[in-house]
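Trainee: Could you walk me through this one? I'd like to know where the words come from.
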Amino acid sequence: MTAGNRIAVYVGSFDPITLGHLNLIERSSQLVDRLIVGIGINADKKGLFSPDERVDLVQRVTAEMPNVEARTFDGLAVEFVRSVGARVMIRGIRPLTDIAGEFTMMMANRKLDSEIETIFLMADEEYGHVSSSLLKQITPLANDEQLEKFVPSSIIPDLRAKLTKKD
């Protein structure tokens, strides 16, 4: 990578994007010239949001960050990282809960492509507990002010549309 061309990819499902994700995007975008948020699509999993909806949500909350873009991919993350001309993959980890699985994945990725480095960023303390499964549980019960502690306020209506029971 030459100066002015440092590209990194932050991969995940982002279903939905949380304040923890956004914190890592903001911090990562300051380390590189271009940050691509790689939204992994697993055809075997039914996501809360469609791939296009996830791209829209990420683009909406990162609109003020000119060096950030969102794209979907399927298949291996290392292949996606390579396909966009990056050599750095960023992974977010929450305290204790993610370390073992992420370490295993990092070692597998090194076997698949030894030229791609994985950088782990720990979510800030206030976001270490936030997960999509938590959001699915609390969204129907929490008010908007409570949800703003977990997700960007601009996506709360989208989250409610998916998770609030209709009578």
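Mentor: Let's begin with a word we'll need: contact means heavy atoms within 4.5 Å. This is a predicted model, where local features need pLDDT of at least 70 and side-chain atom pairs count only at pLDDT 80 or more, while totals for chains, interfaces and linings use all residues. Residues are numbered from 1 along each chain as its sequence is written, and side-chain values use heavy atoms, leaving out hydrogens and water.

Trainee: What makes β1 and β2 a pair?

Mentor: Strands are DSSP runs of E, at least two residues long, and helices are runs of H or I, at least four, numbered from the N terminus. Two strands pair if DSSP finds at least two bridges between them. Six bridges join β1 (residues 7-12) to β2 (residues 34-40), so they pair, and they run parallel. Ala8, for instance, has Leu35 in β2 as its bridge partner.

Trainee: Why are β3 and β5 at the edges?

Mentor: The open sheet runs β3-β2-β1-β4-β5. β3 (68-73) and β5 (117-122) each have a single partner strand, so one side of each lacks a neighbour in the sheet. From one strand to the next, the twist averages 30°.

Trainee: Which strands does helix α1 lie across?

Mentor: Helix α1 (residues 19-29) lies across β1, β2, β3, β4 (88-93) and β5, at about 125° to β5. Axes are lines fitted to C-alpha atoms, for helices over the stretch in contact, with angles from 0 to 180 degrees between N-to-C directions. Helix α4 (residues 99-112) lies across β4 and β5, running at about 165° to β4.
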